Amino acid sequence: MGQGVAVSGVHAINLGNAWEAEPGHAGQDSAWVRRFGRPTGLAAADIVWLVIDAPADAAVACNGAALPAATAGVAYRANVTAMLRDRNLLVLVPRQAVATALPPPVRGPLPAALGSVRLEIEFGAAGGGGPTA
């Protein structure tokens with residue numbers, strides 16, 4: 001691709017595996033933690049969204065910054081572009097306990113009751129006036 005050519009579209013990165021259950025996180029009964037690296041090749045005009053399909057009621061944080069809470073059954077989308085670092089920490093704290101077969105600190109899939117989590121990179125979207133959370 002030549003220099004100066006605009007790229008548009010969306011790329012999804014599934015965050016379904018490598019979650020850790022952490023009992024007693026931040027004074028809560030339990031939390032689900034996912035570590036991930038900054039997506040490579042991001043341009044200044046790209047937007048990175050945190051998307052949760054079919055979430056449970058849960059508090060959400062990225063790198064220690066609180067995001068809007070997830071509401072059960074309502075598709076979730078939050079702009080996390082500005083808070084991304086080389087290494088990142090995503091935390092979901094469900095309002096109700098979620099059973100798990102994972103003893104800490106074993107990594108595994110996020111329980112289906114908490115939804116399906118991914119990052120969506122929207123190429124060249126900044127400045128386009130799109131909604132943000």
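**Entry 1: strand pairing**

I began with strand β5 (residues 58-62) and found that four bridges join β5 to β6, the two strands running antiparallel. I then looked up A58 and noted that its bridge partner in β6 is A70. The model I am reading is a predicted one.

I recorded an open sheet of six strands, in the order β6-β5-β8-β3-β2-β9, with antiparallel pairing. At its edges I noted β6 (65-70) and β9, each of which pairs on one side only.

**Entry 2: salt bridges, overall search**

I searched the whole structure for salt bridges, and the search returned seven. I took up several of them individually.

**Entry 3: E20 and its partners**

I looked up E20 and found that its side chain meets that of R35 in a salt bridge, at 3.1 Å from N to O. I placed E20 in strand β2 (residues 19-23) and R35 in strand β3 (residues 30-37), so this pair ties together parts that are 15 residues apart in sequence.

I checked the accessibility of both residues. E20 has a relative accessible area of 9% and is therefore buried, the cut-off for that class being under 20%. For R35 I read 35% relative accessibility, which counts as partly exposed.

I also found E20 in a salt bridge with R107, where the closest N and O atoms are 3.0 Å apart. This pair links distant parts of the chain, since I located R107 in strand β9 (residues 107-108) and E20 in strand β2, 87 residues apart. I noted R107 as exposed, because its relative accessible area is 52% and the class begins over 50%.

I turned to R77 and recorded a salt bridge with E122, the closest N and O atoms lying 3.1 Å apart. Here too the pair links distant parts of the chain: I placed R77 in strand β7 (residues 76-79) and E122 in strand β10 (residues 116-123), 45 residues apart.

I then compared the accessibility classes. R77 counts as partly exposed at 38% relative accessibility, and E122 counts as partly exposed at 24%.

Notes
Residues are numbered from 1 along each chain as its sequence is written. This is a predicted model: local features need pLDDT of at least 70, side-chain atom pairs count only at pLDDT 80 or more; totals for chains, interfaces and linings use all residues. Side-chain values use heavy atoms; hydrogens and water are left out. A salt bridge is a side-chain nitrogen of Lys or Arg within 4 Å of a carboxyl oxygen of Asp or Glu. Buried means under 20% relative accessible area, exposed over 50%, partly exposed in between (1.4 Å probe, protein chains only). Two strands pair if DSSP finds at least two bridges between them.
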